[in-house]
Amino acid sequence: MSTFLKADAGNAYVFGLHPHGVDSGFRVLMEGEFYETFPAMVKHRGWRTLAASVLFQIPIVRELTLWTGCVDASRKTAQRVLKRGRSVVVIPGGEAEQLITKYGVDQVLLKDRFGFVNLALEYGTKLVPAYVFGCVDAYYTSDAFFGIRKFIQKNFRVCINIFWGRVGLCCNDAKLTIVFGEPIDVPKMERPGKGASAEAKEEFKE
């Protein structure tokens with residue numbers, strides 16, 4: 001479920017979504033949430049979710065990722081989506097936030113993340129904070145071999161989580177609630193400066 005937010009007709013948005021979770025599988029559920037909360041966006045614009053580049057290099061996984069409306073999480077791809085008038089869903093924490101996922105602990109990585117804010121500024125697109133409550137309860141996790149897994153994530157941009165659910169890899173019976181904040185108006189800037197980016201991100205955090 002989601003909190004209801006009346007969206008402006010015809011607008012495109014840059015959604016900053018937290019936390020990543022073990023596998024960000026909740027993105028499959030977001031289609032229904034968008035139909036409920038952003039009906040005008042769905043009807044007139046559509047959206048794409050940015051996903052890790054490595055997912056598009058694995059057979060079958062690539063097809064499943066594309067099927068769920070995801071595109072490569074490169075800057076060029078995100079810009080192409082926005083140029084076409086579609087909205088973009090970004091998980092700013094990326095693989096680093098995915099790696100630190102702990103069962104029952106809500107934590108996000110946002111301090112040095114400005115890419116999604118700059119995207120919104122470059123196209124003058126409204127910025128929307130979003131949070132998935134219950135996401136960290138979907139799987140049990142382990143810190144085993146964290147140092148090695150962190151090295152792999154940092155150097156090869158591949159996240160290896162150790163996790164399990166109530167039965168094998170089947171997720172726990174966790175209640176997921178997606179909450180959207182009010183869209184934030186940002187000025188359009190061809191080359192956003194650090195000051196403008198920091199100001200927009202502070203408003204996003206609030």
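A residue is called buried when its relative accessible area is under 20%, exposed when that area is over 50%, and partly exposed in between, using a 1.4 Å probe and protein chains only. The views below come from a predicted model, where local features need pLDDT of at least 70, side-chain atom pairs count only at pLDDT 80 or more, and totals for chains, interfaces and linings use all residues. Residues are numbered from 1 along each chain as its sequence is written, and side-chain values use heavy atoms, with hydrogens and water left out.

**View 1. Arg-157 and Phe-145 both have a positive phi.**
Arg-157 sits in the loop between α7 and β7 (163-164); helices here are DSSP runs of H or I with at least four residues, strands are runs of E with at least two, and both are numbered from the N terminus. Its phi is about 55 degrees, although Arg-157 is not a glycine. With a relative accessible area of 56%, Arg-157 is exposed. Phe-145 is in the loop between β6 (140-141) and α7, and its phi is near 55 degrees. Phe-145 is exposed too, at 63% relative accessible area. For background, most residues other than glycine have a negative phi, and most peptide bonds are trans.

**View 2. A cis peptide bond joins His-18 to Pro-19.**
Omega of this bond is near -20 degrees. Pro-19 belongs to the loop between β1 and α1.

**View 3. Phe-26 is tucked away in the loop between β1 (13-18) and α1 (30-37).**
Phe-26 counts as buried because its relative accessible area is 5%. Setting aside residues up to four places away in sequence, Phe-26 touches Leu-17, Pro-19, His-20, Ile-91, Val-132, Cys-135 and Leu-176; contact means heavy atoms within 4.5 Å. Look for Ala-138 as well: it is 112 residues from Phe-26 along the chain, and their C-alpha atoms are separated by 9.8 Å.

**View 4. The largest pocket holds about 1,300 Å³ of space.**
On a 1 Å grid over the protein atoms alone, a pocket is an open set of points with protein on both sides within 12 Å along at least five of seven lines, whereas a cavity is a set where a 1.4 Å probe fits but cannot get out; lining residues have an atom within 4 Å of a point. Grid points are joined across faces, edges and corners, and a volume is the space filled by probe spheres set on the points. There are 49 lining residues in the largest pocket, and His-20, Ala-51, Ala-52, Gly-94 and Glu-95 lie nearest its centre. At least two lining residues come from each of β2 (47-51), α3 (61-67), α4 (75-83), α5 (94-99), α6 (115-123) and α7 (146-156). By class, the lining splits into 27 nonpolar, 15 polar and 7 charged residues; Ala, Val, Leu, Ile, Met, Phe, Trp, Tyr, Cys and Pro count as nonpolar, Asp, Glu, Lys and Arg as charged, and the others, Gly among them, as polar.

**View 5. The largest cavity has a volume of about 40 Å³.**
The count comes to 1 cavity of 30 Å³ or more. Its lining is made up of Pro-19, His-20, Gly-21, Glu-97, Thr-101, Lys-102, Val-105, Gln-107 and Val-136. Of these, 3 are nonpolar, 4 polar and 2 charged.

**View 6. Gln-98 is a buried residue of helix α5.**
Gln-98 has 13% relative accessibility, so it counts as buried. Beyond its neighbours within four places in sequence, Gln-98 is in contact with His-20, Gly-21, Val-22, Asp-23, Cys-159 and Asn-161.

**View 7. Helix α6 is mostly covered.**
Of the 9 residues in α6, 7 are buried: Phe-116, Val-117, Asn-118, Leu-119, Ala-120, Leu-121 and Glu-122. These buried residues pack against β1, α4, β4 (87-90), β5 and α8 (194-205). Just after α6 comes Gly-124, with a positive phi of about 60 degrees.

**View 8. Thr-125 lies in the loop between α6 and β5 (126-133).**
Thr-125 counts as buried, with 9% relative accessibility. Leaving out residues up to four places away in sequence, Thr-125 touches Ala-12, Tyr-13, Val-14, Leu-82, Ala-120 and Val-186.
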